Amino acid sequence: MMKPVFMTYTKKDLINLAVCMVLSVLVIPTFITTEYWYTSILIPWLCLALATIGQQIVMGYTGQLALGAAGFMAAGAFAMFNLILRVPDLGFVGSLIVSGLIAAAFGILFGLPSLKVRGIYLMVATLASQFFIIWMIDKFGWFKNYDSSGIITAQDIVILGKPFTTPLAMYFVCLAVTTVLTLLAMNMARGSTGRNWMAVRDMDIAAESMGVSLLRTKVQAFAISAFYCGVAGALFAFCYLKSLEPVAFDIKLSFKILFMCILGGLGTINGAFIGAAFILLFPVLLNAIGNNVFHGAIDATIISSIEQVIFGGLMIIFMIYEPLGMAKLWENIKQKWKTKIPSSTNLKSSLGKKT
Amino acid sequence: MAIERKFKIGKPILEVKNISLSFGGVKAITDTSFDVLEHEVRAIIGPNGAGKSSMLNCINGIYKPQEGTVSFKGKEIPNITPNLMAQMGLSRTFQNLALFKRMSVLDNILVGRKLHTKTNFLEVAFQLPKVKKEEKINRERSEEIISFLEIEDIKDTPVGKLPYGLQKKVELGRALATDSSVILLDEPMAGMNVEEKRDMCRFILKVNDELGTTMVLIEHDMGVVMDISDRVVVLDYGKVIGDGTPDEVRSNQKVIDAYLGVEH
């Protein structure tokens, strides 16, 4: 087996990280110049991948069926709006962190039922967060700064006095935040924190007998998960939507994140990125096929229906044949390569993806 | 045993007094008392449904007995929970295996090091030097246990993929990793073949001998029980019907009746 170079990280992981960083920092900005790619694909991809990591922590790692990621995202987004509005001294990064913490507080509150109920019942209980947070924002005008239009324009992003308003700049903001939080999530997932989460997921009674506190571990997972969702929500509103409206964070978005989590692979960090990319790119791909292969002969509404059908089908297929999702599928493909072409070690590492 | 023991059997470390446990109308354990001495290998035997596993679950805090007390290290434990007992230095394995199936063997054993992990999640997230130091110590200890149990070749395999006998070994390893002073083993040799059983006995005796860990085990194989344990307590229908050295228990008429049946 691979020897860890840097604690739990193998040489391969470090190479993967380097490849990903070069791709995202150098290659993408050099070769992709169309704004569409940044505003409609890359930025939402990073934001939703971040939220999916949050969902992974609570569902994939700790095994608590929670459904309400979008609620926490809304909490983060509106907290961000109010912080920039009312406490401008905090700055963008400071506001982002505090927004995450506010979302985490909600996470703790709505994570408490996990101590008493589990499985599908917990899912219903956590659904409360989704509805409660959206209702709260709608009900009390203060959160929206008494704006009557219903849609508030997000403030411009200013970091250290410099505006980040172009799509490319916003992409870099999202990239930086996502990279830092992904690394932190990986450190936790691979360290003792992650082992506690997984122990609770796989066999809670044994975990407790080893001295893992169920209360602390579950609440911690909910809090961290909500923090990630909160930060993701703030980025989603400020970099992608550029506006704030509670409707954007409805239950559909929660389900979308849940699908990303499951399709990507439960209990994997890279699965969050794969799942988010798939769910975002798939409709784009279908549209392209509709336009280029059938030359618009198929109605756009039909295409979007087909999209739903295929998603549903894929979910079922994955649940039956590969419950660990696309990340696992990718691992299996790599394994097969390894056994087929044992000599091409260089090729493999250059093809490697962030794990 | 003829060989001089490094850790002499000492005072009672674990005392169970007048425990009664019932599930609704079903009485699992009735007014049961026994003790476990420091550094000894203590066996609990009895026919199926005698309340052996329930007894371990009471000691470990998974079940809360309606009556009676559990004293550990000279202290009576009032609000007993698995977590509290783990912190006080009591670890266990489970009858039907309670491993973390999707985690590797090494990770399973590392979870056993939980109580020796003091760093919080933020420190882990930022990989502070003290986290690395602690992780290194925990990994070294886990590797030691892995090589002690002779399972080096499977340490990166997810536990769920391992055969039953190996899983039992991993579970023992996880309990050992806690460095507890008492380990409860619930049927550590169930479903094993003769060779695997011999291995398991060797490990249990070696741990007891080298680390002085007190072992409390439930076992059905009489040969094994009589060979490795210092004292045996026999339960039947939730009551103690015999308690003493293997020889005493073997010649106890009540025990013979319980196992072979009596004419009515």
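Me: If a crossing is left-handed when the near helix is turned anticlockwise from the far one by less than a right angle, and right-handed if clockwise, is the crossing in which H10(A) passes H11(A) left-handed or right-handed?

Reply: This is a predicted model, in which local features need pLDDT of at least 70 and side-chain atom pairs count only at pLDDT 80 or more, while totals for chains, interfaces and linings use all residues. Residues are numbered from 1 along each chain as its sequence is written, and chains are lettered from A and ligands numbered from 1 in the order in which they are written. The two elements to look at are helix H10, residues 251-264 of chain A, and helix H11, residues 270-292 of chain A (helices, H or I with at least four residues, and strands, E with at least two, are DSSP runs numbered from the N terminus). H10(A) passes H11(A) in a crossing that is right-handed.

Me: How many residues of the contact of H10(A) with H11(A) are nonpolar?

Reply: Among the residues that meet here are A:Phe259, A:Met260 and A:Leu263 from H10(A), and A:Ile274, A:Phe278 and A:Ile279 from H11(A) (two residues are in contact if their C-beta atoms, placed from the backbone, lie within 7 Å). Ala, Val, Leu, Ile, Met, Phe, Trp, Tyr, Cys and Pro count as nonpolar, Asp, Glu, Lys and Arg as charged, and the others, Gly among them, as polar. The contact of H10(A) with H11(A) has 1 charged residue and 3 polar ones, and the number of nonpolar residues is 9.

Me: Which helix gives the most to the side of chain A that touches chain B?

Reply: Between the two chains, 26 residues of chain A are in contact with 32 residues of chain B. The side of chain A that touches chain B divides into 13 nonpolar, 10 polar and 3 charged residues, and the elements that give two or more residues to it are H6 (167-190), H7 (192-202), H8 (204-209) and H9 (214-241) of chain A. With 7 residues, the helix that gives the most to this side is H7(A).

Me: How far apart do the C-alpha centres of domain 1 and domain 2 of chain B lie?

Reply: The domain assignment of chain B gives domain 1 as 1-89 + 180-264 and domain 2 as 99-177, and such bounds come from an automatic or database domain assignment. The contact takes 11 residues from domain 1 and 8 residues from domain 2 of chain B, and on the side of domain 1 that touches domain 2, H7(B) gives the most, with 4 residues. The C-alpha centres of these two domains of chain B lie apart by 26 Å.

Me: What is the order of the strands in the open sheet of 4 strands in chain B?

Reply: Strands E1(B) and E2(B) pair in the antiparallel sense over 8 bridges (two strands pair if DSSP finds at least two bridges between them), and B:Pro12 stands opposite B:Leu37 in E2(B). E1(B) is also joined to E4(B), again antiparallel, by 5 bridges, while E4(B) and E5(B) pair over 3 bridges. The order of this open sheet in chain B is E2-E1-E4-E5.

Me: Which are the edge strands that pair on one side only in the 6-stranded sheet of chain B?

Reply: This open sheet has mixed pairing and the order E6-E7-E8-E3-E9-E10 in chain B. Inside the sheet, 4 bridges join E3 (residues 41-45) to E8 (residues 214-218) of chain B, which run parallel, and B:Arg42 stands opposite B:Val216 in E8(B). The edge strands of chain B, each pairing on one side only, are E6 (90-92) and E10 (239-244).

Me: At about what angle does helix H10 of chain B run to E10(B)?

Reply: A helix that packs on the 6-stranded sheet is H1(B), which touches E3, E6, E7, E8 and E9 of chain B, its direction making about 150 degrees with that of E7(B). Helix H10 (residues 253-260) of chain B lies across E9 and E10 of chain B. This helix, H10(B), runs to E10(B) at about 125 degrees.

Note on methods:
Axes fitted to C-alpha atoms, helices over the stretch in contact; angles between N-to-C directions. Left-handed = near helix turned anticlockwise from the far one by under 90°.
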